[in-house]
Amino acid sequence: MPANRSKAVASLRRRLLSWILWPLMGLIGVNAWVGYGNAVQAANEAYDRSLYLAARTLAEELEWRDGRLQLDVLKAAGYLFENHTGSRLFYKVTSVGGAWLAGDAALPSAPVRDKSAVKYFALVQFDDGVYLNQPVRLAELTHVMEEAGPAEALIKITVAETMEARQQLIQHILWDTLGSQGLLLLAAALLVVWGVQRGIRPLEAFRQQLAHKADDDFSPIQPPDLPRELRPLIETLNSYLERLGRLIDIRKRFLDNAAHQLRTPLTALKTQLALAQRNAEPEQAQALMSAARQTTDDAVRLTEQLLAMTRVEHAREMHSPQTVDVVALAKRVTQEHLMRAHQLGDDLGLELQVAQCEVHGVDLLLHEALSNLIDNAIHHGPAGTQITVRVGAHWFEVEDDGPGIAPEHQAHVFERFYRAAPSGLSGSGLGLAIVKEIASQHGAQVSVRSPVHGGRGTAIRLSWA
Amino acid sequence: MVEDTPDISLWLGTALRQGGMAVSFATDGLQADQCLQPGHGFDAVLLDLQLPGRDGLSVLQALRERGDAVPVLILTARASVPDRVLGLNMGADDYLPKPFDLSELEARLQVLLRRHGRVKPAVLRCGPLEMQVDSGAVQLHGQPLALTKREAAALRVLLESPQRTVSKEQLHAEVFADEATGLEAVEVLIYRLRKKFESALASPAEQPEVTITTFRGMGYMLTLPAGQAV
């Protein structure tokens, strides 16, 4: 049990953590992805702008002289390279028609797109391309040469930049984002774990308290600092403990009583037999023997009833109820007691007021109940008692014309080991307790009527509403 | 007798031997199975269920699977209804829960033997009352009792049902068969039988008087005075 319970606690912790941590992780992941995307776009735009500026600078250094394009390369290079330390730059100048004018002829041109991806000037196009087996970013600027003749007024300047610097920056951004968001996640997880641990701690303390309880300790548990949500649980548990304690107490008393009850006839039996052995006179020995026989019968009856009580208590788990015809049952049970009643001089009879009385229940248990009622009547009445088993619509009863039960005893006759009979008359004090138990399991009412008529007699009835 | 408790087998055996029976013992299931091989010659088997070696029910099952119809009376402390049903389903003829009365065991054993024709009683008896099975002649206290055919038929039904009540309806069915008489006819018949018993009572010996007792709501039964075994 304790292992089981600590597992349950662990799983609660795990569940809380997973409920909080997984969504948190998702949210942080989305946040990191969006932030990263924005940063990369901003970086790209900045680099594109500087690439554009490079093309622009180059354009301004171009001159149309003597019908040829002149470029102050050194000056241009100075401009070009001062801002581009991390990557290599290439350039190419062509006519609008695509004829090479200057620079690296093999540099690809940016394709002309109707809708520019970058919202700069209409005169510049950006694109990704490959040059010398390296990925490059291309910027193609259309430039108007003022000094040139109208035929050559438009030229295209393409500038390419290798991607190292961008990639470095992007990587940098990536690591930065991952690092900060990771730290955030870690901090959140730690906080959550700590919080959940703290939240569960009273529960763990409660578990410990419960685990260290002695087997026979049914006192209520009072764990300190228990959250309000758990208080009803504790209250329920405490009331359960209390009921269990009471039940076990009753059991204990029952067992003590039973032990006493069983020892009594056995002690008497031993004495009787020892005396019979010692007595040489056959007459006295005979008397002792018949007394011993009587004692044995009592012990047998008591044992049967103790066993019946246990059987009845566990009947719910062992038998499934079905439809029982009480008329047939009454015939059967009466028949079983007929010979004994007759031998004791009692008049046992059956009175059927209905042809059939069907109830829902366990045949074995109803048999036991009726049998106990008849047995009780035979046992407690004097010889010659008239006993009637009666069956009506939804009830059966056993009536006798014995001495009856005094009013002060009537409320108690169904208690275990309670004996209304005068001392001297043996009895287990269990017979009616068994009847009561069976009745309550069957949802039937037990009632006692006494005296029945003429100041004598008892009738005990089981009735279904 | 298959019984592993020496206290029980010894004293029960003694009692049965005193009653004129020959008793052999087996103390465990395996021994019982050996004793009950074909040609065993026993008239009846008293079988305990909780046995060392082999369970009583399996001994019984093996016995029945061999096609042996010897009557088996189960004696056991396992007295719950499912156990009882199981035993009877497996081919036991009767079931007596421990602790039982010696007289009850003897009576049940007699019924079993009679029912299986192991002991063919020439005479049906209840105390001082005797009836020759074949001729139907009745004697009370050793004196012949003259009965009509119907009275004898009714008495036979009662004698064949020792210690159990016979309902009025049952008697009517057995004696008047398909005659168009009412149930009062049974009452009249019983009344006449009682009269005949009473008039024969002037017997010199102090023998127990046998009577036909009416049990309210249950029927009739031949009884002896309180304290007398039937």
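Analyst: Let's start with the overall numbers. Of the 230 residues in chain B, 26% are buried. Its secondary structure amounts to eight helices and nine strands. If you take the contacts in chain B with a separation of 6 or more, 54% of them are between residues 24 or more positions apart.

Bear in mind that this is a predicted model, so a word on confidence. Chain B has a mean pLDDT of 84, with 91% of its residues at 70 or more. For the complex, the predictor reports an ipTM of 0.72 and a pTM of 0.59.

Helix α6 (residues 149–159) of chain B packs against helix α8 (residues 184–199) of chain B at about 90°, and their axes are 10 Å apart. That angle is why α6(B) counts as roughly perpendicular to α8(B). On the α6(B) side you'll find Arg150(B), Glu151(B), Ala154(B) and Leu155(B), and they meet Leu189(B), Arg192(B) and Leu193(B) of α8(B). Sorted by class, this α6(B)–α8(B) contact has four nonpolar residues, three charged ones and no polar ones.

Two spots in the chain B backbone deserve a look too. Most residues other than glycine have a negative phi, and most peptide bonds are trans. Lys98(B) and Pro99(B), though, are joined by a cis peptide bond, with omega about -5°. Pro99(B) sits in the loop between β3 (94–97) and α5 (102–115) of chain B. The other spot is His141(B), which isn't a glycine but has a positive phi, near 55°. You'll find His141(B) in the loop between β6 (138–140) and β7 (143–145) of chain B. It has 19 C-beta neighbours inside 10 Å, so His141(B) counts as partly exposed; the cut-off for buried is 20 or more.

Where does chain B touch its partner? The contact involves 13 residues of chain B and 15 residues of chain A. On the chain A side, the elements giving two or more residues are α7 (326–343) and β9 (347–352) of chain A. By class, the chain A side has eight nonpolar residues, six polar and one charged.

Nonpolar side chains tend to be buried together in soluble globular proteins. The largest nonpolar core here has 66 residues, and the members touching the most others are Ala330(A), Ala369(A), Leu370(A) and Ile374(A). Helix α8 (residues 363–380) of chain A gives this core its largest share, eight residues. Leaving out residues up to four places away in sequence, Ala330(A) touches Leu350(A), Leu370(A), Val389(A), Val391(A) and Phe396(A). Apart from that core lies another, of 24 residues, and this is where chain B comes back in: Val2(B), Leu12(B), Ala26(B) and Ala44(B) are among its members.

Notes. Residues are numbered from 1 along each chain as its sequence is written. Chains are lettered from A and ligands numbered from 1 in the order in which they are written. This is a predicted model: local features need pLDDT of at least 70, side-chain atom pairs count only at pLDDT 80 or more; totals for chains, interfaces and linings use all residues. Axes are lines fitted to C-alpha atoms, for helices over the stretch in contact, and angles run from 0 to 180 degrees between N-to-C directions. Helices (H or I, at least four residues) and strands (E, at least two) are DSSP runs, numbered from the N terminus. Angles under 35 degrees count as roughly parallel, over 145 as roughly antiparallel, 65 to 115 as roughly perpendicular and the rest as oblique. Two residues are in contact if their C-beta atoms, placed from the backbone, lie within 7 Å. Ala, Val, Leu, Ile, Met, Phe, Trp, Tyr, Cys and Pro count as nonpolar, Asp, Glu, Lys and Arg as charged, and the others, Gly among them, as polar. pLDDT is the predictor's confidence in each residue, from 0 to 100. A nonpolar core is a set of buried Ala, Val, Leu, Ile, Met, Phe, Trp, Tyr and Cys residues joined through C-beta atoms within 7 Å. A residue is buried if 20 or more other C-beta atoms lie within 10 Å of its own, exposed if 12 or fewer, and partly exposed in between; C-beta atoms are placed from the backbone.
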